[in-house]
Amino acid sequence: MSRTQASVLGLIALACAHFARAKIDERDFDAAGVIERDVAIIGGGAAGTYAAVRLREDLNTSIIVIEPKNWLGGHVDTHVAPETNTTLEYGVQSYMQYGPTVALFERFGVEFGSFTSRRLATLNVDVETGKTLDYTAPALNDTTEGLERWLQFVEKYDSLVEPGFWNFPSPDKIPAEFLMPFGEFARKQKIEAAVPRIVTISGVGVGDLRILSTLQVVQAFGLAVTKGVVEGTFIQPKVSNSLLYQRAYELLTDDIRLGSTIQETERDPTGVRIIIQSENDQVKTLIKARKVLWTPYPSQGNLKPFDQDAKELQVFEPWTPEWDYVGVASIPCIPENTSVQYMPRAVEPSDHLAIRDHPYFLTLGTTGPPGLHLFRVMLGANFSVTHEEAKAMVTSSVQKLVEAGTVNHTGHCEVDIKALSAHNGVLWPRGSEALEQGFVQELYSLQGHRSTWWTGRSWCEEYSSNVWAFTETVVERLLKSL
Ligand SMILES: Cc1cc2nc3c(=O)[nH]c(=O)nc-3n(C[C@H](O)[C@H](O)[C@H](O)COP(=O)(O)OP(=O)(O)OC[C@H]3O[C@@H](n4cnc5c(N)ncnc54)[C@H](O)[C@@H]3O)c2cc1C
């Protein structure tokens, strides 16, 4: 059997399995257990919260938000150090003044100011041994020049990718630079010196940055974020990044189901039916909606109860998973005002493009307040890492610094992880092959298919401001389809 025949048979089998599944029976629910709305929004992070506010408050559309955590905000993580009552942001750090961002903060009375990152002494260490690396990071001028060249490039093509990829050209018209492996592009365009900054901010390229298509790096580090870095125009809420979401929750409480997970779904062109279960009381509720807006990352695990059809499976199955953790840890053996960057030895003496040549990266950066030895933890991996394994990786990586004599400490360094949260995701298929086979067009052809609309960072450039701007374009189209 040829590969094509096998895949056709596979698709038929999947479609049959889909239709053979039992139908949701409304008679299993009493009247209080059925909710009818225009739009069911899955996920209450940046995209879901924004869509909920716009649809219900401005666009006269009834909604319900389904969110498994007990709070809104997605990648926003705020920790308060009890010793000093200091607020520490260990998830989302700052925002670009792009799209609806400023208007959104103003709408919810969230005061903001300029974002300034802490000046820290950088310690580049070997991820394997914890020994100091003989690596010379790019000079500031070279980084700036590299970023300015990158800015010119992303500016040239911004209308193809932002907000979202609605206008992305068909495979035969994709700009050649987008398809180029990023390593080749970076050398040709002389932007290597900007690479450490690009990867530190975006986390892109764990395992090997060079093999990504340049488009994937654009998705992770496009025009708005590059401008924010070059012009120094990032902003940050004064009280905390969580405040926006707390206020949105206060406004929308009646239409938000926190601690709820999807159990089963039926979607077709006439509408959607979703059974959700609350983790607190185990009660099941049936949601009947005319449309559903999906916002979390579309991994197979997440989509399992979402009743994918063959068309959706074909698009979503080949994505690459990534494991990301951020947290706050007290690490008494690392001097304060330090950023420890765990990197592969391959970067020596100054191969900036090799910075992600390892299956995982770890960064530990002082957060303040002074005296508490608190560090923000950022761990990214291209292999499966559980919560407990992430903690163990942080602890053992710190111990490597002690054993290698990189930090001045004897014995065991008592690492106390105060907070740690997972920010796993899935990335578009790597390299240029999928793009050349029309991946973007196939992805976007799912918009509206089976009464389902899609938004979130998997569909556009990945920062909150880009996600909000893109969500606006989805909401506009969704409304027309109601
Ligand atoms: C560590 C980290 C730091 C970042 N820092 C910044 C930054 O400083 N500035 C910036 O602009 N951007 C930052 N980003 C980018 C960030 O992705 C966006 O800002 C934004 O959070 C993306 O919004 P979203 O709605 O797509 O995803 P999220 O905000 O993650 O929201 C998705 C929501 O869906 C929920 N969910 C997950 N699975 C399911 C399911 N099966 N069913 C129902 N709900 C589900 C999640 O709990 C979550 O609440 C950062 C990302 C990470 C990972």
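Trainee: Does D307 count as buried or exposed?
Mentor: The model is predicted: local features need pLDDT of at least 70 and side-chain atom pairs count only at pLDDT 80 or more, whereas totals for chains, interfaces and linings use all residues. Residues are numbered from 1 along each chain as its sequence is written, and side-chain values use heavy atoms, with hydrogens and water left out. Buried means under 20% relative accessible area, exposed over 50%, and partly exposed in between (1.4 Å probe, protein chains only). At 4% relative accessibility, D307 counts as buried.

Trainee: What is the phi of D307?
Mentor: D307 sits in the loop between α12 (300-303) and α13 (310-316); helices (H or I, at least four residues) and strands (E, at least two) are DSSP runs, numbered from the N terminus. Although D307 is not a glycine, its phi is positive, at about 60°.

Trainee: What is the relative accessible area of N60?
Mentor: N60 lies in the loop between α2 and β2 (63-66). Its phi is near 55°, a positive value in a residue other than glycine. N60 is exposed, because its relative accessible area is 74%.

Trainee: How far is a polar side-chain atom of S464 from an oxygen atom of the ligand?
Mentor: S464 is one of the residues that come nearest to the ligand, along with E67, Q93, S94 and R457; a residue counts as near if one of its heavy atoms lies within 4 Å. For Q93, a polar backbone atom is 2.7 Å from a ligand oxygen. For S464, the distance from a polar side-chain atom is 2.4 Å.

Trainee: How much of the ligand's surface does the protein bury?
Mentor: Accessible areas come from the Shrake-Rupley method with a 1.4 Å probe; for residues, only the protein chains shown count as cover. Taken alone, the ligand exposes 970 Å². The share buried by the protein is 86%.

Trainee: What is the radius of gyration of the protein?
Mentor: The radius is taken over C-alpha atoms, and the globule rule is 2.2 Å times the number of residues to the power 0.38. A compact globule of 482 residues would have a value near 23 Å, so the protein agrees with the rule at 23 Å.

Technical notes
A polar contact is a pair of N or O atoms within 3.5 Å; within protein, one must be able to donate a hydrogen and the other to accept it, and residues adjacent in sequence count only if both atoms are side-chain atoms.
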